[in-house]
Amino acid sequence: MMRMRKTTIALIIFIFVTGSATVAYILEPSTFHSWFNALYWVMTTMATVGYGDFFAATVWGKLFTLFLYIFGIGLLSLVIGKVIDSIGSIQRQREAGNLNYHGRDQVIIINWSKKAKSAVHEILTYDERAQIVIIDELERHPLEEQHQVHFVSGDPSAEDILRKAGLEKARAAIIFADTRIEETSLIDGKSLMIASSIERIAPEVHTTVEVMHEKHIQNFRFVQVNEFVLSHDAISSLAVRAALQEGNSAVISQLISREQGDDIYEVPRTREWRTYGDAFQDLLRQGATLLADRSDMSINRKLNDPIPADARLYVVSDEATYRRIAGK
């Protein structure tokens, strides 16, 4: 029976339990009074609970009880073993990255590295209930202890692997440079293949790519990638600022991390804000500083200009102030 399929075993158990309840009721109708009571007695006997509220009184009833002891308890033990084995199998498949992700609004992180690990930490700091899916060709889940982090093992540019990660229902995808490849041009080539697969399958998913060479950005623009992060330029810029403008890098580091100090947040526009100046003054009174409209950081020099209908306003504030402004 250990080699049987689970559905076959389930059918056998159903027939065995219902059949046993029927036999017990036929043998001793005065003891059980109803078929349901006989079913209840069969289940408690098989489970070795034995409350004693029902028990066989006749010789044939007692012989049938012995039959349940031998075969019923063994059958139930088999079921328990199958359940435990199934749970273990699911866990092994999870660790190996063989399970499909069935949720939605997850963030997909592609190519595992220290930067990817930091990104996972940053996402969970931003939203502790966030769901994350890691795609990499590793043989084992890199963050088994994180129940919110799902792992899919395989080639990130393959359509079946991306669908396995639930790409169509994802909130965003982040492609990190695969630094295990020695040639930097090949690193960007791999990222480009992954990005083109994502844009082909789910163009509505917001895609961010770490690019090794600035000259390759045009190639990524061609496949409609939403955001680019130049791998080495950010580090170089922070190092120069730290050397030439003391404290400057600390401010920037604080703004790009959710763990300390103020942060950058997008706030909804209100009807009272007709110009950038209206928004600037109102937000300032609430404890936030208006920083930019999308990528335009020059709005403090055009405070009298009307705010366009498609504006996306970003402020610098702490989380409590942002939540109050956003009505959260």
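This is a predicted model: local features need pLDDT of at least 70, side-chain atom pairs count only at pLDDT 80 or more; totals for chains, interfaces and linings use all residues.
**Exercise 1. A pair across the sequence**

Task: Find which parts of the chain the salt bridge between R180 and D136 ties together, and say whether each residue is buried or partly exposed.

Solution: Begin with the contact itself. The R180 and D136 side chains form a salt bridge at 2.7 Å, N to O. R180 sits in the loop between β4 (172–175) and α7 (184–201), while D136 is in strand β2 (residues 132–136), so this pair ties together parts that are 44 residues apart in sequence. Then turn to accessibility, where buried means under 20%. D136 is at 0% relative accessibility and therefore counts as buried. R180, at 46%, counts as partly exposed. Last, widen the view: a network of salt bridges links D136, E137, D178, R180 and K190.

**Exercise 2. One more pair, and the total**

Task: Describe the salt bridge between D296 and K302, then state how many salt bridges the structure holds.

Solution: Take the distance to start: the side chains of D296 and K302 meet at 2.6 Å, N to O. Check both partners next. D296 has 24% relative accessibility, which makes this residue partly exposed, and K302, at 26%, is partly exposed too. As for the total, the structure holds 14 salt bridges.

**Exercise 3. The buried face of α5**

Task: Check the length of helix α5 (residues 114–126), then find where its buried residues lie and what they pack against.

Solution: Do the length check to begin with. At 1.5 Å a residue, the 13 residues of α5 should span 18 Å, and the end C-alpha atoms are 18 Å apart, which agrees. Now list the buried residues of α5: A116, A119, V120, I123 and L124. Looking down the axis of α5, these buried residues fall within an arc of 130°, so they line one face of the helix. To finish, identify the partners: the buried residues of α5 pack against β1 (107–110), β2 and β3 (149–153).

Methods: Residues are numbered from 1 along each chain as its sequence is written. Side-chain values use heavy atoms; hydrogens and water are left out. A salt bridge is a side-chain nitrogen of Lys or Arg within 4 Å of a carboxyl oxygen of Asp or Glu. Helices (H or I, at least four residues) and strands (E, at least two) are DSSP runs, numbered from the N terminus. Buried means under 20% relative accessible area, exposed over 50%, partly exposed in between (1.4 Å probe, protein chains only). The expected span of a helix is 1.5 Å times one less than its number of residues. The arc is that of the directions from the helix axis to the C-beta atoms. Contact means heavy atoms within 4.5 Å.
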